[in-house]
Protein chains: 2
Amino acid sequence: MKNVIVGQSGGPSSVINSSLAGVYCRAKAMGADKVYGMRNGIQGFLQESLVDLDTVLGSNELVKLLRKTPAAFLGSCRFKLPDPEKAPAVFEKIFELLNKYEIKAFIYIGGNDSMDTIRKLSDYGQSIGSGICFVGAPKTIDNDLAEVDHTPGYGSAAKFIAAMTKEAIRDEMVYSTNKTIYIMEIMGRNAGWLTAASALARGEDCDGPDLIYLPEVPFDLAAFRKKVDDLLDVKNNLMIAVSEGIHDANGTYICEYVSTEKLVDAFGHKQMGGTASYLCSYCEVEFGCKTRAIEFSTLQRCAAHFASQTDVNEAFQSGDKAVEAALSGRTGLMATLLRANDEPYVCEIGLADVHHISNVERLVPLEWITEDGSQISDDFIRYALPLIQGESQPVIENGLPKHLVLK
Amino acid sequence: MKNVIVGQSGGPSSVINSSLAGVYCRAKAMGADKVYGMRNGIQGFLQESLVDLDTVLGSNELVKLLRKTPAAFLGSCRFKLPDPEKAPAVFEKIFELLNKYEIKAFIYIGGNDSMDTIRKLSDYGQSIGSGICFVGAPKTIDNDLAEVDHTPGYGSAAKFIAAMTKEAIRDEMVYSTNKTIYIMEIMGRNAGWLTAASALARGEDCDGPDLIYLPEVPFDLAAFRKKVDDLLDVKNNLMIAVSEGIHDANGTYICEYVSTEKLVDAFGHKQMGGTASYLCSYCEVEFGCKTRAIEFSTLQRCAAHFASQTDVNEAFQSGDKAVEAALSGRTGLMATLLRANDEPYVCEIGLADVHHISNVERLVPLEWITEDGSQISDDFIRYALPLIQGESQPVIENGLPKHLVLK
């Protein structure tokens, strides 16, 4: 038992591959013979779809390129591992394969659902007396994992969102003689961390969004109407940021005000979309001014060309920590990012029990949202600002970011 | 008569302020006493809404920051100057003001409609024997001006579109085990230059979009269906790029397939939107696979954080050339970017008669579009690649691009 296997799961981020690089480099440094990557996560592993990472990461240059490549290099999956009591055959198959490939450490880079996988595998392994160690490395742009100060992936998404907010506000302001309302729709079903990041645009050269609505606080259309009406009395160009997951006090998503069709993904999450479009149509009718819905869509989670260097580094360190723990015989854990100091910002990499993490969502503290639910306080800015510092320069070829791609 | 006045008009771009910097620096170098900026173009000028640029650009550092700031620093307008025969009072007012401020050179930075303004003012000026000179500096992300090889603004928008296309393709590919269709909607009512730029994503590490549809060729839904169907037989994840302005052989915009409401702006242009959404809904029904519409929206025209240095430089040079011509007594012209050599790329700044430019649209040559209208040829790549070279590094403050803002 001397080999390591690593997989990536859930949605893409700009730095999930930096975590993969951290796993690979530390595993090799600790003497792992083989470091296998599972293609498309546990789903691919079950089909023995593996890659020997030495064959694709055989130079420092390739590892560096991996760290600058967005989305999951190994491919991802949204495969929910069943409960071992209900489907023991799946677990037997997994452990049979782990033994076949002489795996000592199993690392899974992902969010809530991925940590659920780590929890189940670790618990099952212990129940059968397996010596294989299962440790997670955190990844989610949503920043909603428990037991951490923040998650790798969030800082880069926040940096891109804040930069694009500043640029979009500059764009809107050129027609300052006409009344306009731009509404930006930002990812986040239940947690508003990404939408809150638009507030980072605030500064000497930018007011930031005039209104910011997160899913943490029920959205009230009449109160929104009043806010917009009052603002239009004092300024011509409004920028509004909304989470895709904002909903009213009854739990009805605002995007459902137009459509009752509910799309549900493999984990039972509702698929969002159209919140900004709906509110734009509403404002056009109510206020008769030009509106524009801006959906950041997938762009916000894969904009590695403007990633946060702090985030890239911390992602690497959390991958490094995860495999170090697993190769040291520890299991059922996730690497964590903990803030040791605010100014100067110091982040320490720790480990937490994955049982406290899987299936738990960490939301934006309500005290960081203004009482009327339409703005973000400076406490959030102090929290988030260190996470977007430093620019990870892409490797450029022919004027464009170059990526490492697994064929 | 020793002063210069400069305005910006039409839609924003990442480099329109670099042109403004070029005008300012050359005007000062040529001994202009005052360089006035008109706020919100000719519309603001008519209300004497002017700014003495010395008061806001008084250091090299500020000029540098201006060059890195997207959208129109002076504000813009979409004010169509009437014909002088029909509204002589407007022209009398303009020339009265020009004389009041002792203007020798009038520079307007913009696209087709702005060059129409230059044409009318220059013709009127000559008809009354005025010595004031009117010269345009080109600006449009749409790249659709006549008499030039390309326009300032295009290179940066093309670079951002190509980079985001690469990143979005990486994003989509993580779920390579499932069939998905992503459709990117890119600006362009009549000219497909911006959408064609998505083809720049092609390279060793990226296939680029599988299908690319420009407004230059009528769109046929049945042929599109067949193409997608055939592609889904050989690959799981399709990326499709469409111009907002694609329309069928009858001239009906594809976005109108869902809505018959037609919004029209001040120049009679139809407001586009929803093309990708429509095609996604269509594909979902036809092929039953997951789809995602990605609208680049205003992000594509103001992403100065990843602007092309080539574009930033050429924008500056075209502003420089325009004011040099006007202060040398020439009128009714526009600065032009002309390609003197392909490899190595050499761009020369020239001057063209604005009568050949205003109200003319330059489209993508049909021979650069494949016969079936669904892809872009390598001739386009050879054309566009030099325009996206070099990265204009933003001025960073607190982790975000800093902008120069006129209060």
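A residue is called buried if 20 or more other C-beta atoms lie within 10 Å of its own, exposed if 12 or fewer, and partly exposed in between, with C-beta atoms placed from the backbone. This is a predicted model: local features need pLDDT of at least 70, side-chain atom pairs count only at pLDDT 80 or more, and totals for chains, interfaces and linings use all residues. Residues are numbered from 1 along each chain as its sequence is written, and chains are lettered from A and ligands numbered from 1 in the order in which they are written. Helices (H or I, at least four residues) and strands (E, at least two) are DSSP runs, numbered from the N terminus.

Take helix α9 of chain B, residues 275–287. Its 13 residues reach 18 Å from the first C-alpha to the last, close to the 18 Å expected at 1.5 Å a residue; the expected span is 1.5 Å times one less than the number of residues. Which residues of α9(B) are buried? They are B:Thr275, B:Ala276, B:Tyr278, B:Leu279, B:Cys280, B:Tyr282 and B:Cys283. The cover over them includes β6, α8, β8 and β9 of chain B. Just after the helix, B:Gly288 has a positive phi of about 65°.

Now the backbone. Most residues other than glycine have a negative phi, and most peptide bonds are trans. B:Asn359, in the loop between β12 and α12 of chain B, has a positive phi near 65° and is exposed, with 11 other C-beta atoms within 10 Å. B:Asn398, in the loop between β14 and β15 of chain B, has a positive phi of about 55°; B:Asn398 is partly exposed, with 15 such atoms within 10 Å. The peptide bond from A:Glu343 to A:Pro344 is cis, with omega near 0°, and A:Pro344 sits in the loop between β11 and β12 of chain A. In chain B, the bond from B:Glu343 to B:Pro344 is cis as well.

Next, a sheet in chain A. It is open, with seven strands in the order β3-β2-β1-β4-β5-β11-β12 and mixed pairing; two strands pair if DSSP finds at least two bridges between them. β3 and β12 of chain A stand at the edges with a single partner strand each, so one side of each has no neighbour in the sheet. Inside the sheet, β4 and β5 of chain A pair in the parallel sense over six bridges, and A:Ile107 has A:Val135 as its bridge partner in β5(A).

Finally, the two chains. 52 residues of chain A are in contact with 53 residues of chain B, contact meaning that C-beta atoms, placed from the backbone, lie within 7 Å. On the chain A side, α6(A) gives the largest share, ten residues.

How are the copies related? Chain A can be laid on chain B with an RMSD of 0.0 Å by a turn of 180° and a shift of 0.0 Å along the axis, by least squares on the C-alpha atoms of residues with pLDDT of at least 70 in both. That is the relation of a two-fold axis. Of the residues of chain A, A:Glu295 comes closest to the axis, at 3.4 Å (C-alpha).

Technical notes. Two residues are in contact if their C-beta atoms, placed from the backbone, lie within 7 Å.
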